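We will go stop by stop.

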Amino acid sequence: MIPVLEIGGTHVTAALVDLHDGRVTSRTRKPLDSDGDAEDILATVRLCADGLLVSPGARWGVAVPGPFDYARGVALFRGVGKFEALYGMDVRAAFLDGLRQRPSDVVFLNDAHAFLTGEWFAGTVRGHRRAVGITLGTGVGSAFLTDGRICDSGPGIPPEGRMDLTEIDGRPLEDIVSRRAILARYGDPAADVQDIAGRARAGEARARCVLASVFTRLGVVLGPRMVDFGATALVVGGSMARSWDLVAPALSTGLVTGGWTPDDPRADADSLPSGAPECPTGGVPPGPGHASAADERRTRTVKPAGPAGDAALVGAARAAVA
């Protein structure tokens, strides 16, 4: 069993993962104030991790949003509205020295990369050769994957594989699509996104208009990249994906406007369109997510994350044993 952490803008989750079947056990989850001071943030993460029964000397996998120096384990959060207090901190050293069950090593990876890897390995996009993952929460995370391997360059892929570095009408994407953007546009300081979603379901026109506009515009900017990348699947995770009934129609409308039309679920289309670009060279890792000849035909599909929310945990475990 591989010990893992998923650190998000509003929560932290610790769990044990069995990579033989992607099973997640011993899950603990705690709220996390990403605007807090450094010691409070790290104390919450340590408390969550220390709840696991892990032998000393284990190698941990940690999924965390960027900007972050994943190789060195150093936080680079600045101007992104979360974890600012951790800027420049050696988070790896803090975990190596601070966890009750002292790890032998801690491996960090981008949370969106972990999410899409987990969904490909044992989740909703298993069998698709080329897939894109988007996480919607405090910001927009993204990942582009070919045959189980994350790509950070090539046709359709934004700089560093990060959709948050793209723009809409000359403005950063997260000025339009993010928790803070939705709250600012809605204009009620007492409401959070979950409240706005509830009001939209109840028929409030303003709430419905705000959410529809945000997710449609995301689809419009994402659609051309899906086409250029040759993707046959888009999976959406993060806290906003729990409002899939509100996200999916607007996002799909935007994707169609952007040129990537999801197929009818009963349709069948080539997994890799003729002439689609190959990812930069590299090995294809083994695992149950690897597409076989029988899996070559897939629809163009848009799906929410698996209901258990385990994908990023599974992805972090795979990174820990790589």
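## Stop 1

β9 and β10 form a hairpin, with two residues between them. Click Asp-147 in the turn: its phi is positive, about 50°. Keep in mind that this is a predicted model.

Now show the strand pairing. β9 and β10 (residues 149-151) run antiparallel and are joined by three bridges. Pick Leu-145 and look across to Ile-150, its bridge partner in β10.

## Stop 2: the other neighbour of β9

A hairpin of three residues joins β8 to β9. Select Val-132: Phe-144 in β9 stands opposite.

## Stop 3: the two sides of β9

Show side chains on β9, residues 140-146. In a regular strand, side chains alternate between the two faces of the sheet. Here Val-140, Ser-142, Phe-144 and Thr-146 point one way, while Gly-141, Ala-143 and Leu-145 point the other way. Are these residues buried or exposed? All are buried, whichever way they point. Because seven of the seven residues of β9 are buried, the strand is largely enclosed by the rest of the structure.

## Stop 4: the largest cavity

Rolling a probe the size of a water molecule over the atoms shows where empty space is left. The count here is two cavities of 30 Å³ or more.

Start with the largest, which holds about 80 Å³ of space. Select Ile-7, Val-64, Leu-86, Val-91 and Phe-95; among the 13 lining residues, these lie nearest the centre of the cavity. Which elements each supply at least two residues of this lining? They are α1 (38-49), β4 (59-64) and α2 (91-98). α1 gives the most, with three residues. Colour the lining by class: 13 residues are nonpolar, with no polar and no charged ones.

## Stop 5: the second largest cavity

Next, select Val-193, Ala-197, Leu-211, Phe-215, Met-240, Ser-243, Leu-246 and Val-247, which line the second largest cavity. Two or more of the lining residues come from each of α5 (193-201), α6 (205-229) and α7 (244-257). The volume of this second cavity is about 40 Å³. Its lining divides into seven nonpolar residues, one polar and no charged.

## Stop 6: confidence

Colour by pLDDT. The chain averages 87, and 89% of the residues score at least 70. Then select residues 265-298, where pLDDT stays under 50. The model has 67 contacts beyond four places in sequence for this stretch. Where pLDDT is low, the predicted coordinates should not be read in detail.

Note on methods:
Residues numbered from 1 in each chain as written. Heavy atoms only, no water. 1 Å grid on protein atoms, 1.4 Å probe; cavity = no way out; pocket = protein on both sides within 12 Å on 5 of 7 lines; lining within 4 Å. Points joined across faces, edges and corners; volume = space filled by probe spheres on them. Helix = DSSP H or I, 4+ residues; strand = E, 2+ residues; numbered from the N terminus. Nonpolar A, V, L, I, M, F, W, Y, C, P; charged D, E, K, R; others polar. pLDDT = per-residue confidence, 0-100. Contact = heavy atoms within 4.5 Å. Buried < 20%, exposed > 50% of the residue type's maximum accessible area, 1.4 Å probe, protein only. Pairing = 2+ DSSP bridges.
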